[in-house]
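Visitor: I am new to reading protein structures. Could you take one part of this model and walk me through it slowly?

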Amino acid sequence: MNTPHTSGQISIGEFTIDRILDMVGVPFSLNDMLPGVTEEDVCELSGSLAPGRESVQPSELLLDFGGYLVRGAGLTMLVDAGIGIGKRRLERPAWNKRTSTAFIENLESAGSSVEDIEVVVSTHLHADHLGWNTVLVDGEWVPTFPRARYLLPGSEVQEVMARPEDDRAGHYGSFADSVAPLFTAGVGHRIASDTELVPGITMIAMPGHTSGTSVVKIESNGQIGVICGDIIHHEFQLVHPEWTPRFCADGDRARAVRRQLLEDLADTGGYLFPAHFPPSQVDRLGPVFAQRRHDPARDAGLNRTP
Ligand SMILES: [Zn+2]
């Protein structure tokens, strides 16, 4: 498993978007990821994957983890924050007590330091999107980005806060160590869906994967990009938008918003910026979809490994 120290950059009008990787190519059980999908299905579709995205075993799929750095209109913003460092995630050994600082190094390679980040957005409250929100300093979880306001899906925060105090650990403990400390520090903000963050960047509610899942839509100079969190987890769901992970809270809704997003992007030539595989434009292939392939130099930039 290797983590690139560089990431490709894509422009959407006046904004630039860099993929900031924390972990690359982590195997996940096919049965958890896409229940009902067979190993034969995986073998059949694997030829369509970009180099490095094929799993060794057809019983597994590879997921990347990280976030996106968005810069433009005077704003430096991070959308989602990977697995993090030192987080106790006993149920997910690959995420447990990590020591890697690749995420911060990749941020710096893209040209931004932790001090530069002004806004951190979480698409939803799952552990693999919140990790770098906080770091452990003198035994306390504190905000990683000292100048940032952290914008969190209000309805999901509300759901956890409504539980009894001893039941607020959240997904694998991530609310306790990666969200609650932001409110303690006074930098956590619950935001309503469909909020314009700056002109050209809007949070849009697309519940299904979780009850408060929101995407970040970037529109500038006639171009569109959507940082979509876990609306889609794997390239295979472009060909089969109906395939839905076991960990989507409302499978039917997740299916519907996935298809809606893919149709919108295919119709507008927009960019899909997913959480767990590389970004691309989306083409329509009859009733389904495909990643648009770009020139080799640009592809190399998007998938570069050391
Ligand atoms: Zn995720």
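Guide: Let's begin with the whole before the part. For a compact globule of 306 residues, the radius of gyration would be near 19 Å, and the protein has 18 Å, so the two agree. Keep in mind that this is a predicted model. Its C-alpha trace spans about 50 × 40 × 40 Å along the principal axes, and 43% of the 306 residues are buried. The chain forms ten helices and 16 strands.

From these, let's pick helix H9. H9 runs over residues 251-268, which makes 18 residues. From its first C-alpha to its last, H9 reaches 26 Å, close to the 26 Å expected at 1.5 Å a residue.

Now look at which residues of H9 are tucked in: Ala-254, Val-257, Arg-258, Leu-261, Leu-262, Leu-265 and Ala-266 are buried. Viewed down the axis of H9, these buried residues fall within an arc of 165 degrees, so they line one face of the helix. The spacing makes sense because an α-helix has 3.6 residues a turn, so residues three or four places apart point the same way.

What does that buried side of H9 pack against? Its partners are helix H8 (236-239) and the strands E13 (223-227), E14 (271-273), E15 (280-285) and E16 (288-291). On the face turned away from the buried side, you will find the exposed residues Asp-252 and Asp-267.

Finally, follow the chain out of the helix: after H9 comes Gly-269, with a positive phi near 70 degrees.

Technical notes: Residues are numbered from 1 along each chain as its sequence is written. This is a predicted model: local features need pLDDT of at least 70, side-chain atom pairs count only at pLDDT 80 or more; totals for chains, interfaces and linings use all residues. Helices (H or I, at least four residues) and strands (E, at least two) are DSSP runs, numbered from the N terminus. The expected span of a helix is 1.5 Å times one less than its number of residues. A residue is buried if 20 or more other C-beta atoms lie within 10 Å of its own, exposed if 12 or fewer, and partly exposed in between; C-beta atoms are placed from the backbone. The arc is that of the directions from the helix axis to the C-beta atoms. Two residues are in contact if their C-beta atoms, placed from the backbone, lie within 7 Å. The radius of gyration is taken over C-alpha atoms; the globule rule is 2.2 Å times the number of residues to the power 0.38.
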